[in-house]
Amino acid sequence: MNKVLVVEDENLIRQGIASMIKRSGVPVEEVIECNNGLAALDILEDQHVDVVFTDIRMPKMNGIELVQAIQELENPPLAVAISGYDDFSYAVEMMRQGVREYILKPVEREKLKTALEKLDNELNHRREDQEKTEAMDNQLLKYMLRDKDSNAEDIELMSQKLMREVGQEYIVIVAREQASLKSRIGITLNSVQGQNVFIVKPNGESELQNGKYIGISDVYASVTDLKEAYKQALGRRGEAFLLNMSTVDNDLPAVPEELIKLASKCTDSSSISARVQMMGTERTKDLKKEWDGFFIAAARGQIPAESFLEAMHNFVSEYSSVYKKPVPNELVNPLESDCIESYREKFMDFVLSEQQTLGAANDADQVAAKIQQAVSYINDNYASDLNMAVVSNHISMNYSLFSAEFKNITGTNFVTYLKDLRMGEAKRLLTETDLKVNEISMKVGYDNEKHFMKSFKSYVGVSPSEYRRNTAR
């Protein structure tokens with residue numbers, strides 16, 4: 001529990017009870033003391049107290065009168081009566097007034113601890129029930145904001161909640177998820193379409209923390225207007241985002257239709273698709289120019305917030321579909337950023353970084369394709385006068401680059417690959433045919449028989465004729 005108030009006119013008894021409460025083992029953040037009912041009532045009207053321990057006989061206002069006055073408070077605390085034996089009849093009356101516990105003087109530590117534990121348990125259950133009710137109410141409010149229809153019972157329930165927590169009139173504020181209210185005023189709905197929504201009294205935006213680039217609705221009175229108020233505040237949040245305005249709380253001047261029409265080319269699906277495809281090319285300057293134009297038009301108000309958000313949604317879908325990679329979460333919903341400038345910076349960093357990555361991947365794919373083309377050419381032409389210069393020229397690749405990439409991709413260098421291929425074919429022909437050694441030499445790319453025989457013996461360990469005899473046994 002947070003606060004306990006001890007009301008007792010005798011100083012030593014009051015201080016003793018306060019000390020026992022602090023040492024009871026039941027968590028209590030603060031124990032407040034006062035010596036009569038009137039002083040206690042002033043405290044209770046000024047701040048919320050969870051539990052009141054009160055004596056019965058006190059000057060100015062006795063315990064019975066205090067408990068009766070407590071019941072008139074909006075959120076009355078739980079009460080415990082403390083009295084002597086001769087006050088028992090009064091204690092019975094206090095129990096009828098709603099007192100939870102009755103403790104005789106002199107107060108015993110264990111009895112006070114038992115009473116505190118029971119009250120703490122009751123407060124915890126009450127708090128849990130209140131949190132569950134509040135969570136259910138908030139879920140219903142979120143449903144009302146997002147969906148079309150609500151039944152009469154839900155509307156009446158939410159109308160009572162609005163009246164109880166906000167008042168007769170309200171405004172809706174839409175801000176990013178980092179925003180919060182300084183105190184428990186009004187209603188807070190977290191994570192509604194990636195934004196926090198606050199329903200507060202008119203001018204309640206002054207209680208907002210981290211509340212830059214927010215959208216504020218007009219003043220409304222009926223719960224049936226809540227969806228319209230939310231839609232209005234969300235639209236204004238989008239305008240604050242695009243125009244780098246700290247607050248938008250009214251309708252902004254309309255942008256000329258011809259300017260909006262001119263900028264609409266930036267947002268259509270074909271333009272978004274073209275920009276996605278451009279990320280896999282070497283056209284970095286063109287890519288940057290296209291996106292710069294898009295963001296500049298948006299910041300000038302030529303692209304409505306709704307169209308901007310739809311365009312970014314299309315980009316996310318198109319990019320994920322084409323490249324089979326997700327877009328970072330911080331870019332999926334632009335309104336999770338404060339304003340367009342901060343979003344633009346993160347977005348362009350991503351686009352240009354991915355352009356380089358995709359370009360490098362494309363280059364690697366092209367190199368791999370060229371090396372595969374070279375391997376096919378070698379396999380088809382190993383019997384001819386073949387060397388690395390001939391093959392690299394055939395696939396139009398720099399000689400040095402070809403040498404490095406051939407080894408990188410095949411796992412062996414060009415000379416070894418060609419020799420393995422020729423010697424493998426020579427062994428097959430020696431084993432499976434009756435061709436003479438000089439004929440085999442020609443068929444595997446050696447125009448000099450002696451060179452072939454020397455190379456074969458060096459590679460296999462025996463001469464071609466010895467190899468043929470050995471495999472014939």
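**Exercise 1.** How many bridges join strand β11 to β12, and do the two strands run parallel or antiparallel?

*Solution.* The model is predicted, so local features need pLDDT of at least 70 and side-chain atom pairs count only at pLDDT 80 or more, whereas totals for chains, interfaces and linings use all residues. Residues are numbered from 1 along each chain as its sequence is written, and side-chain values use heavy atoms, without hydrogens and water.

Step 1. Strands are DSSP runs of E with at least two residues, helices are runs of H or I with at least four, and both are numbered from the N terminus. Pairing requires at least two DSSP bridges between two strands.

Step 2. Strand β11 (residues 214-216) is joined to β12 by two bridges, and these strands run parallel. G215 has V248 of β12 as its bridge partner.

**Exercise 2.** Determine the strand order of the sheet and its edges.

*Solution.* The open sheet has five strands in the order β8-β9-β6-β11-β12, with mixed pairing. Its edge strands, each pairing on one side only, are β8 (187-192) and β12 (247-248).

**Exercise 3.** Characterise the packing of α16 and α19.

*Solution.* Step 1. Helices α16 (residues 414-432) and α19 (residues 464-472) pack at about 55°, with axes 9 Å apart. Axes are lines fitted to C-alpha atoms, for helices over the stretch in contact, and angles between N-to-C directions run from 0 to 180 degrees.

Step 2. Angles under 35 degrees count as roughly parallel, over 145 as roughly antiparallel, 65 to 115 as roughly perpendicular and the rest as oblique; α16 and α19 are therefore oblique to each other.

Step 3. Contact (heavy atoms within 4.5 Å) involves K427, L429, L430 and T431 of α16 with P464, Y467, R468 and T471 of α19.
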